[in-house]
Amino acid sequence: MSIQSTKNIESCLVLIVDDDHLSSTLVANILNNLCRSFTASSAADAIEFCENKLPDLLVVDVNMPDINGLELCRQLKARNDTADIPVIFITADLGKDAQVDCWEAGGNDFVTKPVVAQTIVHRVRNQLLSKLRLDALRKLSYEDSLTGLYNRNYLNEEYPRLSRQLMRNHQPLGLIIFDVDYFKQYNDIYGHLKGDICLEKVSAVLKRYTRRARDAVVRYGGEEFIMLLPNTGLSGTREIANQILTDIYQLEIAHKHSPFERVTLSAGAVSIQNIERYPLNDVIEQADINLYDAKLKGKNKVVTG
């Protein structure tokens, strides 16, 4: 994942979750002039949708078979990648206990049936505006100003949450450290402005490989980058690292003082299975050892371990 530019309400994505197709279609039609809306017919479908594309807001019917709306909300709030998505419940129960249940499940608001068009538009707009403001603040706190990638603040805050989630799901974490080869010499020859342009081009390639909701790439130092690949084993992590090195090589960014006569990357990659045992610094240290080994072996290489 990389930080996206600030959106407006019209480009926000709202997912409507209801097992009643007519009801979800009605709500989608009401919201179509406000934002982009999609529908899911079950909690399982909603979770699958979120794993592929994160919505900005969910509108969820409380009463659904199998997993009801309250439980869906609890599951989403327990996940690192979906915890901050606001949820508006649709409920037919106006009782005090039902309202308390909505709040305790993690809901941000609720509307009652039958749905009044102006009411749901108003409440969806308010939630989206709040979400956009929060995203803008997060962007300022977590963004590297040159590349638009995440910065160390994001890495330090995200890793504990991510590791807890991976531990619960018994999933590994793939982590890669990339370093631009001979970058000091590049700056000395071509100047720092060209150096910044080079880093922007490298960042653009790295961004293309954060395809899943929880993937992230961080500018870790001047010319160092860290990629987080949740639920990725060592072979998959190595494959992605090699693909990125190939893509950078094929950019053909001229570099007179490199034996490759172009800008290249070296990479150290690891995949940690029992992530709860390893602080972030230990994981980075192991990847950095592999990166150092890649440099010793002639650069433009990936070393894993």
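The legends below describe an overall view and several close-up views of a predicted protein model.

**Figure 1. Overall view of the protein, with 10 helices and 10 strands.**
The C-alpha trace spans about 70 × 40 × 30 Å along its principal axes. The protein has 305 residues, and 49% of them count as buried. Among contacts between residues at least 6 apart in sequence, 68% join residues at least 24 apart. The accessible surface comes to about 14800 Å². Carbon and sulfur atoms account for 48% of that surface. There are 35 positive and 40 negative side chains, and the centres of these two sets lie 5 Å apart.

**Figure 2. Helices α6 and α10 where their axes cross.**
Helix α6 covers residues 152-169, and helix α10 covers residues 280-296. Their axes come within 10 Å and cross at roughly 110°. Angles from 65 to 115 degrees count as roughly perpendicular, so α6 and α10 are described as roughly perpendicular to each other. On the α6 side, the contact is made by Leu155, Asn156 and Tyr159. On the α10 side, Leu280, Val283 and Ile284 take part.

**Figure 3. Tyr154 in helix α6.**
Is Tyr154 buried or exposed? At 8% relative accessibility, Tyr154 counts as buried, because the cut-off for buried is under 20%. Leaving aside neighbours within four places in sequence, Tyr154 is in contact with Tyr142, Ala216 and Val218. Ser141 is 13 residues away from Tyr154 along the chain, and the C-alpha atoms of these two residues are separated by 7.9 Å.

**Figure 4. Ile177 in strand β6.**
Strand β6 runs over residues 173-180. Ile177 has a relative accessible area of 1% and is buried. Which residues is Ile177 in contact with, leaving aside its neighbours within four places in sequence? The list consists of Glu224, Phe225, Ile226, Ser266, Ala267, Gly268, Ile284, Ala287, Asp288 and Leu291. One of these, Ile284, also belongs to the α10 side of the contact with α6. Glu239 is 62 residues from Ile177 in sequence, and the distance in space is 14 Å, C-alpha to C-alpha.

**Figure 5. Helices α7 and α8 packed at an angle.**
Helix α7 is made of residues 183-190, and helix α8 of residues 192-208. The two helices pack at about 135°, with their axes 7 Å apart. The pair α7 and α8 is therefore oblique. Helix α7 contributes Phe183, Tyr186, Asn187 and Tyr190 to the contact. Helix α8 contributes His192, Lys194, Gly195, Cys198 and Leu199.

**Figure 6. Gln127 in helix α5.**
Helix α5 covers residues 117-142. With a relative accessible area of 13%, Gln127 is buried. Apart from neighbours within four places in sequence, Gln127 is in contact with Leu57, Pro86, Ile88, Asn108 and Asp109.

**Figure 7. The cis peptide bond between Lys113 and Pro114.**
What is the value of omega for this bond? Omega is about -5°. Pro114 is found in the loop between β5 and α5, where β5 covers residues 109-112.

**Figure 8. Asp66 in the loop between β3 and α3.**
Strand β3 covers residues 57-61, and helix α3 covers residues 69-78. Asp66 has a positive phi of about 65°, although it is not a glycine. The relative accessible area of Asp66 is 85%. Asp66 is therefore exposed, since exposed is taken as over 50%.

**Figure 9. Glu252 and Glu261 in the loop between α9 and β9.**
Helix α9 covers residues 234-251, and strand β9 covers residues 265-272. Glu252 counts as exposed, at 56% relative accessibility. How far apart are the C-alpha atoms of Glu252 and Arg262? They are separated by 5.6 Å, although the two residues are 10 apart along the chain. Glu261 has a positive phi of about 60° and is not a glycine. At 62% relative accessibility, Glu261 also counts as exposed.

Key: Residues are numbered from 1 along each chain as its sequence is written. This is a predicted model: local features need pLDDT of at least 70, side-chain atom pairs count only at pLDDT 80 or more; totals for chains, interfaces and linings use all residues. Side-chain values use heavy atoms; hydrogens and water are left out. Helices (H or I, at least four residues) and strands (E, at least two) are DSSP runs, numbered from the N terminus. Buried means under 20% relative accessible area, exposed over 50%, partly exposed in between (1.4 Å probe, protein chains only). Contact means heavy atoms within 4.5 Å. Accessible areas come from the Shrake-Rupley method with a 1.4 Å probe; for residues, only the protein chains shown count as cover. Lys and Arg count as positive and Asp and Glu as negative; His and the chain ends are not counted. The place of a charge is taken as NZ of Lys, CZ of Arg, CG of Asp or CD of Glu. Axes are lines fitted to C-alpha atoms, for helices over the stretch in contact, and angles run from 0 to 180 degrees between N-to-C directions. Angles under 35 degrees count as roughly parallel, over 145 as roughly antiparallel, 65 to 115 as roughly perpendicular and the rest as oblique.
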